[in-house]
Amino acid sequence: MRFPSSNRRIWLDRVLFLGPATLLLVLFFVVPVVVDIGIAFTDMGRDLRVTGFTTENVQRMFGGDRRLTSVMLTTLIYVSCTLVIFNVGYGLLLALLTTALPDRSGSFFRAIWFLPRMSPSVVYALLWSWVVAPTDYGLLNQVLLAIGLPLADLKSNFPMVLVVLANGFIGASFGMIIFTSAIRAIPQHLFYAAQVDGAGPLAIIRHITLPAIRWQLSFVTIYQALALLVSFEYIWLITNGGPFFDTTVYALYVYRRAFDNGQYAYGAALSLGLVLVGTILALALWRFFDMRALLQRPRIEVG
Amino acid sequence: MRKIRLLAAALLASTTLLGTVTASFAEEVVVKMWARADRSGPLRAGNIVAAAEPLNAALKAAGSDKTVRVEVFEGPASGFDADALDILKAFAVNQGPDVYVAAHEWVGEFAKAGYAMEMDSFVQKNPWAFGDIIPVLWNSTKYKGKIYAIPQDSEIRMFFYNKDMLRKIGKDEAFIDGIPAAVEKGEFTMQDLSNLAKEVVDKGAAPIGMVHRPNAGPDYLMTFAAFGAKFVDEQTGQLVLPKAEIRRGLEWYAANAANGVTPKNNTSMSWDEIQGAFKTEKAFIYHQGVWAVTEWMVGDSKGANWPNDRKWYFNKIGWVPAPAATKGGQPANLSHPIVYVVNPKSKNADLAAMLVAYASLPYYNTKHAATTAHTAISNGQRSMPEYLNAWYLDAATPMLARTAFIPNHPDFGRYNGILFKALQGVETGRLTPEKAIDFLEDELSNELKGGLKVVEKLS
């Protein structure tokens, strides 16, 4: 079968289908990265003027900035703890538990866990600040007082625990939703068959559920790892990166250097590092989870 | 007689004609003003808006066809440093205001970038507005010896303390009333202040000995100044890190935190918690400035109600500057004037400058001073009834005699931010004072590159 003017049509389809996404990607990723690379090699300061080009910022990143190593370590702890414990681990647990419940109560609990995601981030962060306020007016401390325990001050003594909790409680819902729909999509007869064969709940999860949602697990891990790497709004709102530098993750560090101190060029160089680390991490995880296999053309023609 | 009539008719005709011509050509000029949204000084913008009225009257009297209207943009920044960075950004994209409010230490940066009008001749030509400004305040508006801004207000910072708690631990009235004089004479030192706070806590009169601001700002600079620190080399104008003096200041903060005088988490407390702790009598000492008196110390805010009269107040609360570091030394004080800056590139720069001149008149400035407890900018204001009625200003004004300013160096904001981090480090136990000095030297020399001079000891 031949299509008249098929070439033009193919081109038009390409532009129509890929155009908007490509345009967005170019405008909001490629252009900023190019601008960022440009700024990173200038001396742009608080007045946003460029008077010359220099490699000083990159040199400072690799030699002069003694704080950078500890900031990277903090970032690693923050990303891995939030990701493993909450965004993937707890999200999966919630999905498993709520799908095991009857539909109505399952939806109810999912809705509760989805609430933080629906509230504006400033409100959510403020609620956390009130909960952990170190005085006896803080919600946590009122509970501790009521059961006769000493007052706690998470913000000063365990700031990392606090930011992991605050980010985790909001992050878990993303995994929960994706895993729930994946679990729902597993054909029911597999569960029946397993039960007939005498498999217990744990064996069912291990041998049926987990293998079936492998791709979703990989996707959530990669996606959330990258999201955590560049996110700092809750940290900024709750602990402000402190006390001292205890919860200053890389992205927040970039923000502080660039926008608190007006060192835009150095901030640009630092964020270039973030783009680099993010890209390497994405490629490594992609390879690790063998995501290419997921995106291959299906071998069977469906329907 | 006829001649006169003719003259009168001609005059009438010409003024009528002029009136109609000006009416038909009347031009409204919009002057854009940028002032940070700040509840401790709404009249910083308000006075410029109000100054349009006398300016318009003067323009009309001079036969000008212009009328001026002020449009205010209230920046959402949390402090003057963040606001100054926002203003710089606005200028960089040609969205800068015609006139703006800034903390005085930013004048250098604005002047260097060409965003601040040089005002020496304007000040000289308009003595009716500027002739009576307290001379020392001009120092805070200069960059390389020239005036680039007009003082908007000044203030006094101090350690407030609760006299009732001293009575509770058995101190007599003579001791309590004698503290300010002992501080002035250099007999009562920083260490004595810490010891007294510790005694109050140990004897159970208050759970907290001393609280201070939770973020970077000017207050703690006077503490370091009391320990002999100077932040600028007077000869070269370079920023300086005097290691020994700063270290003594950090040791004082570290010891206070370690001894239970200052909460270790002071820097992560909210303003409400800090101010509330003093007002609800949970903290013995609060380090801030005179405007705090109206902002929260009188009235029912922050969890307690205090009457609004001088006698009651001074029976309960006392204040002192930062005491001397050693016996016989000098106490230290700090003022942080806010200034008006005019954009020289604006086509309305002349009108904006005139608005500033009118807003600097005692009538307007005293309204700001009295309502927000900032000290006056001109000598004459001190005898105005409105100013005298604000008893806290009257009581605090003598402390201006010893006042010093934050260095007018464009990089001092960054210096101060890092100094605050070091203070937070020692208070929370993340750094020893010695490590904090290493941290300061490393961070400051990295940030300021060649612009920093490190000295082991000043004297």
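User: Which strands of chain B does helix 16 lie across, and at what angle does it run to strand 13 of chain B?
Analyst: This is a predicted model. Helix 16 of chain B covers residues 349-359. It lies across strand 1, strand 2, strand 3, strand 6 and strand 13 of chain B. Its angle to strand 13 of chain B is about 155°.

User: In what order do the five strands of the open sheet in chain B come?
Analyst: The pairing in this sheet is mixed. Its edge strands, each pairing on one side only, are strand 2 (66-75) and strand 6 (150-153) of chain B. From one strand to the next, the twist averages 30°. The order is 2-1-3-13-6.

User: Which residue in strand 13 of chain B is the bridge partner of A103(B)?
Analyst: Strand 3 (residues 99-103) and strand 13 (residues 338-342) of chain B run antiparallel. Five bridges join them. For A103(B), the partner in strand 13 of chain B is I338(B).

User: Are helix 2 and helix 17 of chain B roughly parallel or roughly antiparallel to each other?
Analyst: Their axes are 10 Å apart. The packing angle is about 160°. Angles over 145 degrees count as roughly antiparallel. Helix 2 and helix 17 of chain B are therefore roughly antiparallel.

User: How many residues of chain B are in contact with chain A?
Analyst: On the chain A side, helix 2 (56-64) and helix 7 (154-157) of chain A each give two or more residues. That side divides into four nonpolar, six polar and eight charged residues. Chain A has 18 residues in the contact, and the number from chain B is 20.

How values were computed:
Residues numbered from 1 in each chain as written. Chains lettered and ligands numbered in written order. Predicted model: local features only at pLDDT ≥ 70, side-chain atom pairs only at ≥ 80, totals over all residues. Contact = placed C-beta atoms within 7 Å. Helix = DSSP H or I, 4+ residues; strand = E, 2+ residues; numbered from the N terminus. Nonpolar A, V, L, I, M, F, W, Y, C, P; charged D, E, K, R; others polar. Axes fitted to C-alpha atoms, helices over the stretch in contact; angles between N-to-C directions. Parallel < 35°, antiparallel > 145°, perpendicular 65-115°, else oblique. Pairing = 2+ DSSP bridges.
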